[in-house]
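Please work through each task before reading its solution.

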There are 2 protein chains.
Amino acid sequence: MAPVEEAKSSRRFNFSAGPAMLPDLVLDKIVEELGDYEGLGMSILEMGHRDAGGPVQQVLQEATDCVRHLLRVPANYAVIWQQGGAHGQFAAVPLNLLGDKTQADYVDTGVWSKRAMNEAGKFCTTRICAEVRERQGKAEVPPVSEWDLSDKSAYVHICANDTISGVEFLEDPDVGDRLLVADFTSTLLSRPVNISRYAALYCSSGKNLGPAGVCLVIVRRDLLDMALPRTPMILHWKASADTSPVASLVNTPPVFAIYACGHVLKGLRRSFGDCGTLDTVRQRVTRRADDVYKIIDESEGFYINKVSSSYRSQTTICFTFGRDAANQREWAGSITAKVKLTELEEAFMKEAKERGMNGLEGHPAFGGIRICLYNGLPDKAVDEAC
Amino acid sequence: MAPVEEAKSSRRFNFSAGPAMLPDLVLDKIVEELGDYEGLGMSILEMGHRDAGGPVQQVLQEATDCVRHLLRVPANYAVIWQQGGAHGQFAAVPLNLLGDKTQADYVDTGVWSKRAMNEAGKFCTTRICAEVRERQGKAEVPPVSEWDLSDKSAYVHICANDTISGVEFLEDPDVGDRLLVADFTSTLLSRPVNISRYAALYCSSGKNLGPAGVCLVIVRRDLLDMALPRTPMILHWKASADTSPVASLVNTPPVFAIYACGHVLKGLRRSFGDCGTLDTVRQRVTRRADDVYKIIDESEGFYINKVSSSYRSQTTICFTFGRDAANQREWAGSITAKVKLTELEEAFMKEAKERGMNGLEGHPAFGGIRICLYNGLPDKAVDEAC
């Protein structure tokens, strides 16, 4: 059973790193009811979040319930919605989890790990406890047993999928009793997640979750009392978790973003029925990624992807051309200037656009080609691209 | 010329403190183009903010241009869009403006001043330099000459309009060389503002500006180098101001909220033409508020509003009933528990609802009646209510 429907003929395919395509049914539903929510004579955009049990609180509750259901979130975890995107959480993680400690460990798998670490560096000492290494020309993450974890660190942070290096954790690492935190922005809802391996995980909208404007945070409840006194209210997990009658009402929530994400989540849930799981999504995700990697691997060095098959991103597939200078670029590094596209990259992009495929450019600072296969992208788009 | 059109017959009137009604033309336009933006085969929700000169950046630029035009923002001020609402700015203000100082002054005109002050208290010592006082049974703000301003304070903060006490600054205070900061969330776009009197001002969306999900910040550029090292990126004014080719791209912006606010702003601008000003809006706002206050003042004590005419809010009109206990409640205080409505309040609300008027409840923690006359509310609604 396909979790999303096929695209309408007038729709352009968007392979970009996000904001990503929305499933047609979701977009249609939003357009249909945005002017008048359930015949109430008002738009959901105009409704108060303080109306106890009213539409906005219902929308919030339903979206939260779907997250709990789809991701099998254990009862001892809080599910909250905050503003500020993943960048907000880059600060929120140390602010909420440092407690008495002053240090944190980061696994470096690319630009987004570094961004998270740089932001955390405002609040504590950060250490790289492991980083991507090259084995036989392919990038891989060392096994957890080789991570240099420090007892002085409050937590260890990973980026579950780096959209620029194309390195993804396809399994949830087991760090034992240490607190594992993960940025799931570009991969949540692409596979089942073993939530109980994490102290906290977060996912900014804009990719699989729905349109940009809100960030989902799932955090173990017993960790909610550790926030530093200087934590801004809007990033304070416990404050968000403790509002009633529903969580996430410390201030006016970004209603539209939560509402739209709710439709994406409900759409996914409907596709599987109450007994289904994200295993079905993973099958689709894997099949589509395999189709693209197959072409790269069988291109005899024309296309080059430098990631080991155990860590190849299933949602953000990055490659360069073997026959020009672009493949000399590094995946990791700081985002500085916009790179110039090579001739081959330009030609590839031009041809793709003519075939209705958009957003294939790599990150402006790194170049190359990037094919993002988020859930909203119809299978037809992948088939045509291949 | 009316700045907003009249309501369609199926629309319910929403007098709540926000999220507020959107003008019909704005809502219609959003619904019309949300599925396919300008015939591009994609929704604006699906478009990348990194696409230089692309639709998202254009939307951001146009909204910013409208703010500059409508509010006559001087060139030495930056206009940025951040996430986290006014609560985010309650923290951002001290983080960005304290510099070497460790203290700030707050004018207390009600709950929102106190909320701003409490949040700032996480980062510095806060002082109440002035507060609402009673003169002949009416609340008023002392003149600036009587404010107890401290040279040790980095800035002085006001809430331009308190939605719970119904106390508004109808003129922009002149504090000389001191840095004045204002929370304009519930009153921006209701009158011209003398921007140059302020070091910074901010306005969360959800009222006049458009649907919830983004916060507008206007800040004097020469103050942008003062941010504390521990300022989270998402609240860092200079980081937001300095992105290119347009500001406010430190991370994925809340595209929908900015897009919708842009339509509200463009609608206002169209109503006046390039030579018009917010004086036209003020005339409408004053006329509508006068209509409501007239009924209160001529009710022979049946309705009670306790604010001096010089500080009566033009957008959030609060009153109680003289004949029951509700009028004994204080405006100011901390938001704690939900108050129980009195019988008269319940009867009033019931009758109003039957006449299609919604959202007249005071803040859940304070009770009473509150009539909010934001720009999106059609004149017809005010006429019918009166």
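**Exercise 1. Which residue forms a salt bridge with Arg288(B), and where do the partners lie?**

Step 1. Arg288(B) forms a salt bridge with Asp379(B), with 2.8 Å between the closest N and O atoms. A salt bridge here is a side-chain nitrogen of Lys or Arg within 4 Å of a carboxyl oxygen of Asp or Glu.

Step 2. The pair links distant parts of the chain, 91 residues apart: Arg288(B) belongs to helix H7 (residues 279–297) of chain B, and Asp379(B) to helix H9 (residues 379–385) of chain B. Helices (H or I, at least four residues) and strands (E, at least two) are DSSP runs, numbered from the N terminus.

Step 3. Both Arg288(B) and Asp379(B) are buried. Buried means under 20% relative accessible area, exposed over 50%, and partly exposed in between (1.4 Å probe, protein chains only).

Conventions. This is a predicted model, in which local features need pLDDT of at least 70 and side-chain atom pairs count only at pLDDT 80 or more, while totals for chains, interfaces and linings use all residues. Residues are numbered from 1 along each chain as its sequence is written, chains are lettered from A and ligands numbered from 1 in the order in which they are written, and side-chain values use heavy atoms, with hydrogens and water left out.

**Exercise 2. Asp172(B) and Arg191(B) meet in a salt bridge. Locate both residues and decide whether each is buried or exposed.**

Step 1. The N to O distance between the side chains of Asp172(B) and Arg191(B) is 3.0 Å.

Step 2. Asp172(B) sits in the loop between strand E9 (167–168) and strand E10 (180–183) of chain B, and Arg191(B) in the loop between E10 and strand E11 (200–204) of chain B, 19 residues apart.

Step 3. Asp172(B) is buried because its relative accessible area is 8%. Arg191(B) is buried as well, at 4%.

Step 4. In chain A, Arg133(A) and Glu140(A) also form a salt bridge (3.0 Å, N to O), and both are buried. Arg284(A), Arg287(A), Arg288(A) and Asp379(A) are linked in a network of salt bridges. The count over all chains is 48 salt bridges.

**Exercise 3. Describe the open sheet of seven strands in chain A and the helices that contact its strands.**

Step 1. The strand order is E2-E10-E9-E8-E7-E3-E4 (chain A), with mixed pairing; two strands pair if DSSP finds at least two bridges between them.

Step 2. Strand E2 (77–82) and strand E4 (125–131) of chain A are the edge strands, each pairing on one side only.

Step 3. Strand E7 (residues 156–159) and strand E8 (residues 180–183) of chain A pair in the parallel sense over four bridges. Val156(A) stands opposite Leu180(A) in E8(A).

Step 4. Helix H2 (residues 55–70) of chain A packs on the sheet, touching E2 and strand E10 (215–220), and its direction makes about 130 degrees with that of E2(A). Contact means heavy atoms within 4.5 Å; axes are lines fitted to C-alpha atoms, for helices over the stretch in contact, and angles run from 0 to 180 degrees between N-to-C directions.

Step 5. H4(A) lies across strand E3 (103–108), E4, E7 and strand E9 (200–204) of chain A, at about 165 degrees to E3(A).

**Exercise 4. Which residues have the most contacts inside the largest nonpolar core?**

Step 1. They are Trp81(A) and Trp81(B), in a core of 133 residues. A nonpolar core is a set of buried Ala, Val, Leu, Ile, Met, Phe, Trp, Tyr and Cys residues joined through side-chain atoms within 4.5 Å.

Step 2. A second, separate core of 73 residues includes Ala116(A), Val111(B), Val181(B) and Val217(B).
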